[in-house]
Number of protein chains: 2
Amino acid sequence: MTDTPAALVEAPRRGRPRGSYAKTEARRQEILTAAFQVFAASGYRAGSLKDVADKVGLTQAGLLHHFPSKEALLEAVLTLRDEESVDRLGTADAKGMDLLRGMVELTRYNTTIPGLVSLYCVLSAEATDPEHPAHQYFLRRYTWVRDTISGAFAEVGRQGRLRPGVAPLAATRQLIALMDGLQVQWLLDNTSVDMPAEVVGFLEVVTTEKF
Amino acid sequence: MTDTPAALVEAPRRGRPRGSYAKTEARRQEILTAAFQVFAASGYRAGSLKDVADKVGLTQAGLLHHFPSKEALLEAVLTLRDEESVDRLGTADAKGMDLLRGMVELTRYNTTIPGLVSLYCVLSAEATDPEHPAHQYFLRRYTWVRDTISGAFAEVGRQGRLRPGVAPLAATRQLIALMDGLQVQWLLDNTSVDMPAEVVGFLEVVTTEKF
DNA sequence: ATGAAAACCTAGTGGGTACTAGGTTTTCAT
DNA sequence: ATGAAAACCTAGTACCCACTAGGTTTTCAT
């Protein structure tokens, strides 16, 4: 992002700027965790910087020393979560059936982190508005997810393991919609829906495999 | 709700209270339409009474003469929309296949009213929070929808028109989730998804019928 | 140890929020 | 026509919002 000469960053000898302090990174993480919780509970527009600051024991102004604006904070939360997902999937370029089985596993994992599920649910609905700061983020995200999953369905189709009459792209859009929609019902009342079971049910109807 | 003696309502002769004026009902409708638009665009928490009042050419205080609180306004918007849906479905106690075909028709209709779709999308995500004033509303709503649709799938099943291995209740939960999830994708980018086509695709995989 | 920058604070700015008190204008049954 | 209530307004309450200016405290390389 920045193009500060490496000399200044690694060895600030004589140069004016100084790096951040030892505890700074931990503070930023604390803030991101708190912001995540606030945005997950109330969304971006209704969630406030004060809520975040209070959670982490800072003033609003202190918080804004670390993140220059509310929008920047949201962006940081989203990119952090993306990095963590990538980590979680490991060196994951699973393909075909492996990827589809991975989706079931992901759904199962999601039932253990209602906060994250809530964040994406509330935020994606809110970000439907083209003026929302996360609008572009979600557009990109859906495109990426769609491409990834449809690649898997296409491969499974080439292996003749899709039920006849099922188009890979249609199956993709339906799977994504199903997973998103289940989350709303599950957040409203988590006793009413067994998310992984429904995803398995769908995949077994759409493919000829067992999950 | 109120238990004012009927005599006072229908014939206020001598009694103090008076009914509302001729244009009052029209005003209330204007307000509800405006409130609907605001809540659909920004949700309940981020949408403001001022936005609503401005749209209808009133002051905040003037608005609050008709609806005593923001919460009351939301409630009125939701119940109005429910009444209109019931009207739209006509003397609709469609059953079995008719009801399932009705769901496709409903999805098609939804593509003509992005505002309403947005309202329910944003609001249902927001109302996931148990503290949200519409939380109970959405819980009731989902229960009702689930019961209605699962009745239809059960009947279709009795007629032997469900694909083998498909459970009515599972199909119900999947259909609802699918429809909800499609809406988010469609609102984000309405060129990316053909909602009715996806619903048809799902129903044709789950049943042995053509839609 | 010291001094300069990072971290953080107090105290604001200008704005928005839902909602209320109390008055003015409009309607309309008598 | 008139007067009482409905409809609506102005002006305010008390509070929350994101963000800023400028000062104090803490860290840490020298």
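**View 1. The surface near DNA strand C.** Ten nonpolar, eight polar and eight charged residues make up the surface near DNA strand C. Here Ala, Val, Leu, Ile, Met, Phe, Trp, Tyr, Cys and Pro count as nonpolar, Asp, Glu, Lys and Arg as charged, and the others, Gly among them, as polar. This is a predicted model: local features need pLDDT of at least 70, side-chain atom pairs count only at pLDDT 80 or more, and totals for chains, interfaces and linings use all residues. Residues are numbered from 1 along each chain as its sequence is written, while chains are lettered from A and ligands numbered from 1 in the order in which they are written. DNA strand C is surrounded by 26 residues. The closest are T24(A), A61(A), G62(A), A22(B) and S48(B). A residue is near a strand if its C-beta atom, placed from the backbone, lies within 6 Å of it. From chain A, α2 and α4 each supply at least two residues of this surface. Helices (H or I, at least four residues) are DSSP runs, numbered from the N terminus.

**View 2. The surface near DNA strand D.** Around DNA strand D there are 26 residues. A22(A), S48(A), T24(B), A61(B) and G62(B) come nearest. Chain A brings α3 (49-56), α4 (60-66) and α5 (70-88), and chain B brings α2 and α4 (60-66); each supplies at least two residues. By class, the surface near DNA strand D has 10 nonpolar, eight polar and eight charged residues.

**View 3. The contact of chain A with chain B.** Each chain gives 38 residues to the contact. Two residues are in contact if their C-beta atoms, placed from the backbone, lie within 7 Å. On the chain A side, α2, α7 (114-126), α8 (135-158), α9 (168-188) and α10 (195-206) each supply at least two residues. The largest share, 14 residues, comes from α9(A). The side of chain A that touches chain B divides into 22 nonpolar, nine polar and seven charged residues.

**View 4. Helix α9 of chain A against helix α9 of chain B.** The axes of α9(A) and α9(B) (residues 168-188) come within 6 Å. They cross at roughly 105°. That makes α9(A) roughly perpendicular to α9(B). Axes are lines fitted to C-alpha atoms, for helices over the stretch in contact, and angles run from 0 to 180 degrees between N-to-C directions. Angles under 35 degrees count as roughly parallel, over 145 as roughly antiparallel, 65 to 115 as roughly perpendicular and the rest as oblique. Residues of α9(A) in this contact include Q174(A), I176(A), L178(A) and L182(A). Those of α9(B) include Q174(B), I176(B), L178(B) and L182(B). The contact of α9(A) with α9(B) has 12 nonpolar, six polar and two charged residues.

**View 5. Helix α2 of chain A against helix α2 of chain B.** The axes of α2(A) (residues 24-46) and α2(B) (residues 24-46) come within 8 Å and cross at roughly 120°. α2(A) is therefore oblique to α2(B). The crossing is left-handed: the near helix is turned anticlockwise from the far one by less than a right angle. S42(A), G43(A), R45(A) and A46(A) meet S42(B), G43(B), R45(B) and A46(B).

**View 6. Helices α6 and α8 within chain A.** α6(A) (residues 96-110) packs on α8(A) at an angle of about 130°, with the axes 7 Å apart. So α6(A) is oblique to α8(A). These helices cross in a left-handed way. From α6(A) come G96(A), M97(A), L99(A) and L100(A). From α8(A) come A152(A), E155(A) and V156(A). Five residues of the contact are nonpolar, one is polar and one charged.

**View 7. The two domains of chain A.** Domain 1 of chain A covers 6-71 and domain 2 covers 90-206. These bounds come from an automatic or database domain assignment. The domain centres, taken over C-alpha atoms, are 31 Å apart. Nine residues of domain 1 are in contact with eight residues of domain 2. On the domain 1 side, α2(A) gives the largest share, eight residues. That side has five nonpolar, two polar and two charged residues.
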